[in-house]
Amino acid sequence: MTPDELNELSCMLIAYAGEAYAHFNKAIDLASEGDFEASDREVSEGREAIATAHKSQISLLQADATDGVSGMGVLAVHAQDHLMNAMSFENTAKRIVALYRRISAIESRG
């Protein structure tokens, strides 16, 4: 894998991880407004973006394992960091949405 190919994969990983993060953030906003159906759609779209980012990550790891990628540098590490942050935020977002659901259920009872 050439350094340009490595950079392209890294940028794709960053873009999809950022997209996932944005979807999870939107899911929280929608849940805070009580729109749980739209919130669930945002979580689903975030998961799809994570899956796409993960494909780029696998390509990076395979290239490094088989080719000993030259120039595996800061951008690739930065891309990995973005993906891990998005994956962690997914768990946080799901918990926050679940809390909003509980609050909504309690409020509707009383």
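**Entry 1**

I looked up R47 and found its side chain joined to that of E90 in a salt bridge, 2.8 Å from N to O; the term requires a side-chain nitrogen of Lys or Arg within 4 Å of a carboxyl oxygen of Asp or Glu. This pair links distant parts of the chain, with R47 in helix α2 and E90 in helix α3, 43 residues apart. Helices here are DSSP runs of H or I with at least four residues, numbered from the N terminus.

I note that the model is predicted: local features need pLDDT of at least 70 and side-chain atom pairs pLDDT 80 or more, while totals for chains, interfaces and linings use all residues. Residues are numbered from 1 along each chain as its sequence is written, and side-chain values use heavy atoms, with hydrogens and water left out.

I then checked accessibility, where buried means under 20% relative accessible area, exposed over 50% and partly exposed in between (1.4 Å probe, protein chains only). E90 has a relative accessible area of 6% and is therefore buried, whereas R47, with 36%, is partly exposed.

I found a salt bridge between K94 and E90 as well, with the closest N and O atoms 3.0 Å apart. K94 and E90 both belong to helix α3 and are 4 residues apart, about one turn of the helix. K94 is partly exposed, with a relative accessible area of 40%.

**Entry 2: R41 and E37**

I counted 4 salt bridges in the structure. One of them joins the side chains of R41 and E37, at 3.3 Å from N to O. Both residues lie in helix α2, 4 residues apart, about one turn of the helix. R41 has 44% relative accessibility and so counts as partly exposed; E37, at 59%, counts as exposed.

**Entry 3: E42**

I located E42 in helix α2, residues 36-67. E42 is buried yet has no salt bridge, and K26, the nearest side chain of opposite charge, is 6.3 Å away. For charge, Lys and Arg count as positive and Asp and Glu as negative; His and the chain ends are not counted. Leaving aside residues up to four places away in sequence, E42 touches H23, K26, A27 and L30, contact being heavy atoms within 4.5 Å.

**Entry 4: α1 and α3**

I examined helix α1 (residues 3-32) and helix α3 (residues 74-109), whose axes come within 8 Å and cross at roughly 15 degrees. The axes are lines fitted to C-alpha atoms, for helices over the stretch in contact, and angles run from 0 to 180 degrees between N-to-C directions. The angle makes α1 roughly parallel to α3, a label for angles under 35 degrees.

Technical notes:
Helix = DSSP H or I, 4+ residues; strand = E, 2+ residues; numbered from the N terminus. Parallel < 35°, antiparallel > 145°, perpendicular 65-115°, else oblique.
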